Amino acid sequence: MLSNFIRIKVRFSEVDSIKVVWHGNYVAYLEDGREAFGREYGLGYMDMFEAGLTAPIVDVHLRYLKSASVNDHLVLKTSYVEARGAKLIFDYELYRLLNPTISDAEAFEPKESTHELILTAQTTQLWMKGDEFEVSAPEFFANWKAKYGLRK
């Protein structure tokens, strides 16, 4: 499975009047995860645009387990999910770091002793060329999958 990790420090502007991260900001964190995944694996938005494609979000599922607050240090794991057809699916796990001073190597290896799972999520994107949804995986995506030995 292809995965990527990013660190997030919750800013004051991301919390609401009850001092927890406003629910909509979690969707922005997922976007940050997809962008980082794309940069690492050659599936970035600019790569898509250069191929004449876009991939808008058509479905988002979030499961809030615990809240985050200002100055919390979080780690987001973004994982590509293999699917048939012209769609991109990502799974996410968002953790609070119990010791924010740990190294990236430790932060990017979630463990019960160092991480607290606070959110799971999944997004689905559909490939589009211009105004039309693609009915089968575009060549750009098929080539990307082949590069990583994924199902065509």
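User: What counts as a helix or a strand here, and how many are there?
Analyst: Helices (H or I, at least four residues) and strands (E, at least two) are DSSP runs, numbered from the N terminus. By that rule the protein has four helices and seven strands, in the order β-α-α-β-β-β-α-β-β-β-α. This is a predicted model, in which local features need pLDDT of at least 70 and side-chain atom pairs count only at pLDDT 80 or more, while totals for chains, interfaces and linings use all residues. Residues are numbered from 1 along each chain as its sequence is written, and side-chain values use heavy atoms, with hydrogens and water left out.

User: Why is the protein called as compact as a globular protein of that length?
Analyst: Its radius of gyration (taken over C-alpha atoms) is 17 Å, close to the 15 Å that the globule rule (2.2 Å times the number of residues to the power 0.38) gives for 152 residues, so the description holds.

User: What makes the pair of F37 and F90 edge-to-face?
Analyst: Rings of Phe, Tyr and Trp (its six-membered ring) pair if their centres lie within 6.5 Å; planes under 30 degrees apart count as stacked, over 60 as edge-to-face and the rest as tilted. The ring centres of F37 and F90 are 5.0 Å apart and the planes stand at 70 degrees, so the pair is edge-to-face. F37 lies in helix α1 (residues 23-41) and F90 in strand β4 (residues 87-97), 53 residues apart.

User: Are F37 and F90 buried or exposed?
Analyst: Both are buried (under 20% relative accessible area, with a 1.4 Å probe and protein chains only).

Notes. Buried means under 20% relative accessible area, exposed over 50%, partly exposed in between (1.4 Å probe, protein chains only).
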